[in-house]
Amino acid sequence: MKNKFKVKFGTVFYVLFALIYVLAAVCLVWNAIKVIDYIKTGISASAYGYISLGLSLLLSVIFIFLITMVLTSSSYVISDSKMTVSFGILKESFLISDIVSVVKNVKRPSLSVLFQDGSGYKIMIDEKSFDDFYAALVKYNKDITFGETDEETKK
């Protein structure tokens with residue numbers, strides 16, 4: 001059985017995503033108007049002009065697609081032996097057996113997963129799901145400990 005937890009982005013990410021959407025949409029509309037104008041008036045552009053228009057249209061569509069994928073499919077999935085982190089089209093998996101503890105920061109509500117090698121991974125989920133996330137991990141590895149801290153994460 002899989003447990004899925006949706007990534008909760010901060011305000012800064014949503015503002016950044018909105019800016020990218022707006023810029024991509026403006027670029028898409030602007031270049032679509034240019035293409036329509038070229039077709040209507042019969043103006044022929046240079047090869048550079050056609051390539052420039054084509055790339056601008058393509059990149060706009062790609063950015064809109066990527067941001068949509070990040071917003072809709074970013075999650076943490078906990079299954080039998082691994083925790084999979086999906087961020088849009090990117091995925092990374094971690095063995096649950098390598099996790100030694102989960103630490104909750106009470107000052108700034110966040111979770112961190114700590115591994116045997118000393119590395120950590122910050123988990124960005126809704127604060128209401130913290131207990132469910134920990135319970136899902138413990139279901140597959142009973143040795144995972146839980147702790148709380150009020151210190152800032154060291155980088």
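Which residues in α1 are buried? Let's start there. Phe17, Ala24 and Asn31 are buried in α1, where buried means under 20% relative accessible area with a 1.4 Å probe, protein chains only. Those buried residues of α1 pack against α2, and contact here means heavy atoms within 4.5 Å.

Before I go on, a word on the source. This is a predicted model, so local features need pLDDT of at least 70 and side-chain atom pairs need 80 or more, while totals for chains, interfaces and linings use all residues. Numbering runs from 1 along each chain as its sequence is written, and side-chain values use heavy atoms, leaving out hydrogens and water.

Back to α1, residues 11-41. Helices are DSSP runs of H or I, at least four residues, and strands are runs of E, at least two, numbered from the N terminus. At 1.5 Å a residue, the 31 residues of α1 should span 45 Å, and the end C-alpha atoms are 45 Å apart, so that agrees. The expected span is 1.5 Å times one less than the number of residues. Just after α1, glycine 42 has a positive phi of about 75°.

Now, the sheet. It's open, with four strands ordered β1-β2-β3-β4 and antiparallel pairing; strands pair if DSSP finds at least two bridges between them. β1 (3-6) and β4 (90-95) are at the edges with a single partner strand each, so one side of each has no neighbour in the sheet. β1 and β2 (residues 75-78) pair over four bridges, with lysine 4 opposite valine 77 in β2.

How values were computed: Buried means under 20% relative accessible area, exposed over 50%, partly exposed in between (1.4 Å probe, protein chains only).
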